[in-house]
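Me: I would like to learn how to read a structure like this one, feature by feature. Could we go through it slowly together?

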Amino acid sequence: MAGRMVGGSAALAALVRPASAPDPAVGHRLLPVAPELTGLLPHRGLRRGSTVAVTVGQPRRSGGTSLVLALLAEASRAGSWCAVVGVPTFGAGAAAEAGIALDRLALVPHPGPEWPTVVAALIDGVDVVVTAVPHTVSAPVADRLAARARQRGCVLVPYGRWTGADVTLQVVRGVWEGLGAGRGRLRRREVTVSARGRGAAARPKEITMWLPGDGLTRVVPAAASAVPAATAGPRPGGFTVVGSG
């Protein structure tokens, strides 16, 4: 797999399409998501210009990275460009398994002090931008990035604590399947995902689903609660360098 590191805003111009370039998605305000996730989003998809946050709990049990992968997969399959900033453990191998097109995926593992500039540059030319939220981010900077996403028609996905998101998703429970009596292989996780937000998303929602599940995410049937499972850490990712176009 070809790939290269993206080192700062100057390198982004050659990687992403210019904001003024023809975009086949112009006029379509929604980017698709997996059918199981549509019930969590007020418009049943990722609305261009919106901010959809994914919050995390305990780092080893949150399931947040798997949720991000599921959130990006359908939009990527449909032709959208995606970027992930500040998540060095985000694996290109795991992204490919989830169905994300690596030739339309930009990874910036370590944006450094240029973080706001890097995210803003990607917002200008990428359909969906996932970014880890630095502890030092101020409310004015966060507001400017959200406003820029609204202006450019980009979906901003803060990964971490973020005030003012249109929708906030979180894995509130998760149990792995696959381990037996001292042996076995972690295969998939049954997770419960909650959604809360403002406006059309003000009413809290919750679903239970497999993540990942047989190559696709899918809602867990009620009878699945009887399936033996074991709680464990997250599934190992793949590579930690970028896949780029």
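Me: Let me begin with a single side chain: is R148 buried, exposed or partly exposed?

Reply: Please keep in mind throughout that this is a predicted model. The general idea is to compare the relative accessible area with two cut-offs, under 20% for buried and over 50% for exposed. R148 has a relative accessibility of 30%, and therefore counts as partly exposed.

Me: Which side chain does R148 meet in a salt bridge?

Reply: The partner is D124, and the N to O distance between the two side chains is 2.8 Å. Because D124 belongs to helix α3 (residues 115-125) and R148 to helix α4 (residues 139-152), this pair ties together parts that are 24 residues apart in sequence. D124 also forms a salt bridge with R152, where the closest N and O atoms are 3.0 Å apart. That pair, too, links distant parts of the chain, with D124 in helix α3 and R152 in helix α4, 28 residues apart. R152 itself is partly exposed, since its relative accessibility is 43%. Through shared partners, the salt bridges join D124, R148 and R152 into one network.

Me: How many salt bridges are there by this rule, and where do E74 and R77 lie?

Reply: The count comes to six. One of them joins the side chains of E74 and R77, at 2.5 Å from N to O. The general idea behind such a pair is that an α-helix has 3.6 residues a turn, so residues three or four places apart point the same way. In this case E74 and R77 both lie in helix α1, three residues apart, which is about one turn of the helix. E74 counts as partly exposed because its relative accessibility is 24%, and R77 is likewise partly exposed, at 39%.

Me: What span should helix α1 have, and how far apart are its end C-alpha atoms?

Reply: Helix α1 covers residues 64-77, and at 1.5 Å a residue its 14 residues should span 20 Å, so the 21 Å between its end C-alpha atoms agrees with the expectation. The helix is mostly covered, with 10 of its 14 residues buried; among them are L67, V68, L71 and L72. After α1 comes G79, which has a positive phi near 110°.

Me: Which residues have the most contacts inside the largest nonpolar core?

Reply: The general idea is that, in soluble globular proteins, nonpolar side chains tend to be buried together. Here the largest nonpolar core has 43 residues, and those with the most contacts inside it are L37, L71, F90, L105, L169 and V193. Helix α1 gives the most to this core, namely eight residues. If you look around V193, leaving aside residues up to four places away in sequence, you will find that V193 touches several residues, including L40, L67, L169 and I207. There is also a second, separate core of 23 residues, which includes W81, V126, A149 and A165.

Me: Finally, are the loop residues T51 and R44 buried or exposed?

Reply: A loop residue has to be judged by its own accessibility. T51, in the loop between β2 and β3 (52-55), counts as buried because its relative accessibility is 4%. Not counting residues up to four places away in sequence, T51 touches residues that include A146, L156, W162 and V167. R44, in the loop between β1 (30-31) and β2 (46-47), is exposed, with a relative accessible area of 55%. The phi of R44 is near 60°, a positive value in a residue other than glycine.

Note on methods. Residues numbered from 1 in each chain as written. Predicted model: local features only at pLDDT ≥ 70, side-chain atom pairs only at ≥ 80, totals over all residues. Heavy atoms only, no water. Helix = DSSP H or I, 4+ residues; strand = E, 2+ residues; numbered from the N terminus. Buried < 20%, exposed > 50% of the residue type's maximum accessible area, 1.4 Å probe, protein only. Expected span 1.5 Å × (residues − 1). Contact = heavy atoms within 4.5 Å. Salt bridge = Lys/Arg side-chain N within 4 Å of Asp/Glu carboxyl O. Core = buried A, V, L, I, M, F, W, Y, C linked by side-chain atoms within 4.5 Å.
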